[in-house]
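Please walk me through this model stop by stop. Tell me what to select next and what is there.

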Amino acid sequence: MKVLISGGGTAGHINPGIAIAKYIKSKNPDCEILFVGTQKGLETKLVPRENFELKLIKVRGFKRKLSLDTLVAIKELFQGLHEARSVIKQFKPDIVIGTGGYVCGPVVFNAARMGIPTLIHEQNAFPGVTNKLLSRFVDRVAISFKESEKFFKNKKKVVFTGNPIRGELLNTDRKAAREKLQIEKDKPFVVVFGGSRGAEPINNTVCEFISQHKDEKDFHLLFATGEAQYDKIVKRLGNFNSQYIKVVPYIYNMADVMAAADLVVCRAGAITLSELTALGVPSILIPSPYVTANHQEYNARALEKQGAAIVILEKKLNHSIFYEQVSNLLRDRNKLKSMAENSKKMGITNASEKIYGIIEELLKV
């Protein structure tokens, strides 16, 4: 079996593809898997790290306003369509899977027009533009929130699967992870990140916190700035040496970090929330206000409603509120335990299995 997977830009589109690929490999070790992405996306770092082959095509997203960038995007779209078709002809996949991002457009569209079975996976409650367009051509649409079904016209194509979780996240031992990360037994471990590209308001808040609490010893803090903002953050923080505070550009060992965490402070992207709930990790969520239909706040409120998370809107975020909320939760171990239990109840851990079932179904047709 040959499987082509296309998804790119951010980790939120790439990690589901990697999770699906690994599950397919676990069921069919002889399967050939090829990823297709773009040079500018995070896939150039994440996919090779998992030992999957990656082909690159040239395509970019469209700006909402007409400009020179729009003309360049149109030119690159046609180039991407041609390059995607060439990749498909050369690889000869049995099925093509799209996991989001504009790179999926030319890849999945070409495959559908060539008569190859196609499947797209939508991570969010509010589908992206690319997936809504592709849903007209593909054979199946896998969704992660039941609420998103209403956005797809052909309901017969839609299958509720949840978001696929990387197997290593589900199989990591908490005690072993904490030892590997050198987290002291009696110290809570707090993790802060703003997504694969970072989030400036969160970074500014945590910077101010670190500047005022460099001698913090009550808990361990891991702060991921996003690679684009790392140098600026390090320069701003200056030289400081703490065994309890660690600043990194990106968290590549997320399985160990999630397993070891007592509390996570982050955005409310769909994949992140799926991973938090699958592992039963309490969270403070700061939804991005810059996303389509404000879907991150919608996601975050769902966890808050179930007692699994606390929501802080970005416009209300500052270092005092950050420190107050984190400190209050770490002091109230009963509430933290209750949040962990409520988070775990919401988790879906068999999405990859369900998606593999769809693949088997399509290949039997």
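**Stop 1: Lys92 and the end of α3**

Select Lys92. At a relative accessibility of 57%, Lys92 counts as exposed. Lys92 sits in the loop between α3 (68–91) and β4. Check the backbone here: phi of Lys92 is near 55°, a positive value in a residue other than glycine. Keep in mind throughout that this is a predicted model.

Step back to Phe91. Phe91 belongs to helix α3. Is Phe91 buried or exposed? Its relative accessibility is 11%, and the cut-off for buried is under 20%, so Phe91 counts as buried. Now show its contacts. Leaving out residues up to four places away in sequence, Phe91 touches Lys2, Val3, Leu4, Glu32, Ile33 and Leu34. Draw a distance from Phe91 to Leu34. They are 57 residues apart in sequence, yet their C-alpha atoms are 8.1 Å apart in space.

**Stop 2: Val96 in β4**

Move on to strand β4 (residues 95–98) and select Val96, which is found there. Val96 is buried, with a relative accessible area of 0%. Which residues does Val96 touch, not counting those up to four places away in sequence? They are Leu4, Val107, Val108, Ala111, Ile116, Pro117, Thr118 and Leu119. Val96 and Ile359 are 263 residues apart in sequence, but 9.5 Å apart C-alpha to C-alpha.

**Stop 3: helix α4**

Select residues 104–113, which form helix α4. How many of its 10 residues are buried? The count is 7, and the helix is mostly covered. Colour the buried ones: Cys104, Gly105, Pro106, Val107, Val108, Asn110 and Ala111. An α-helix has 3.6 residues a turn, so residues three or four places apart point the same way.

Go just past the helix to Gly115. Gly115 takes a positive phi of about 80°.

**Stop 4: the cavity**

The largest cavity has a volume of about 30 Å³. Select its lining: Gly8, Gly9, Thr38, Glu43, Gly101, Tyr102 and Val103. By class, the lining divides into 2 nonpolar, 4 polar and 1 charged.

**Stop 5: Asn51**

Select Asn51 next. Where does Asn51 lie? Its place is in the loop between α2 (43–49) and β3 (53–56). At 71% relative accessibility, Asn51 counts as exposed. Its phi is near 65°, a positive value in a residue other than glycine.

**Stop 6: the second largest pocket**

Then show α11 (270–279) and α12 (295–305), the elements that give two or more residues to the lining. Colour the lining by class: 9 residues are nonpolar, 6 polar and 2 charged.

**Stop 7: α13 against α14**

Select helix α13 (residues 319–331) and helix α14 (residues 333–345). Their axes come within 5 Å and cross at roughly 95°. Angles of 65 to 115 degrees count as roughly perpendicular, so α13 is roughly perpendicular to α14. Show side chains at the contact. From α13, Leu329, Leu330 and Arg331 take part. From α14, the contact residues are Arg333, Lys335, Leu336 and Met339. Together they divide into 4 nonpolar, no polar and 3 charged.

Finish on Asn334, which is found in α14. Is Asn334 buried or exposed? Asn334 is exposed, with a relative accessible area of 63%. Asn334 and Leu303 are 31 residues apart along the chain, and their C-alpha atoms are separated by 18 Å.

Key. Residues are numbered from 1 along each chain as its sequence is written. This is a predicted model: local features need pLDDT of at least 70, side-chain atom pairs count only at pLDDT 80 or more; totals for chains, interfaces and linings use all residues. Side-chain values use heavy atoms; hydrogens and water are left out. Axes are lines fitted to C-alpha atoms, for helices over the stretch in contact, and angles run from 0 to 180 degrees between N-to-C directions. Helices (H or I, at least four residues) and strands (E, at least two) are DSSP runs, numbered from the N terminus. Angles under 35 degrees count as roughly parallel, over 145 as roughly antiparallel, 65 to 115 as roughly perpendicular and the rest as oblique. Contact means heavy atoms within 4.5 Å. Ala, Val, Leu, Ile, Met, Phe, Trp, Tyr, Cys and Pro count as nonpolar, Asp, Glu, Lys and Arg as charged, and the others, Gly among them, as polar. On a 1 Å grid over the protein atoms alone, a cavity is a set of points where a 1.4 Å probe fits but cannot get out, and a pocket is an open set with protein on both sides within 12 Å along at least five of seven lines; lining residues have an atom within 4 Å of a point. Grid points are joined across faces, edges and corners, and a volume is the space filled by probe spheres set on the points. Buried means under 20% relative accessible area, exposed over 50%, partly exposed in between (1.4 Å probe, protein chains only).
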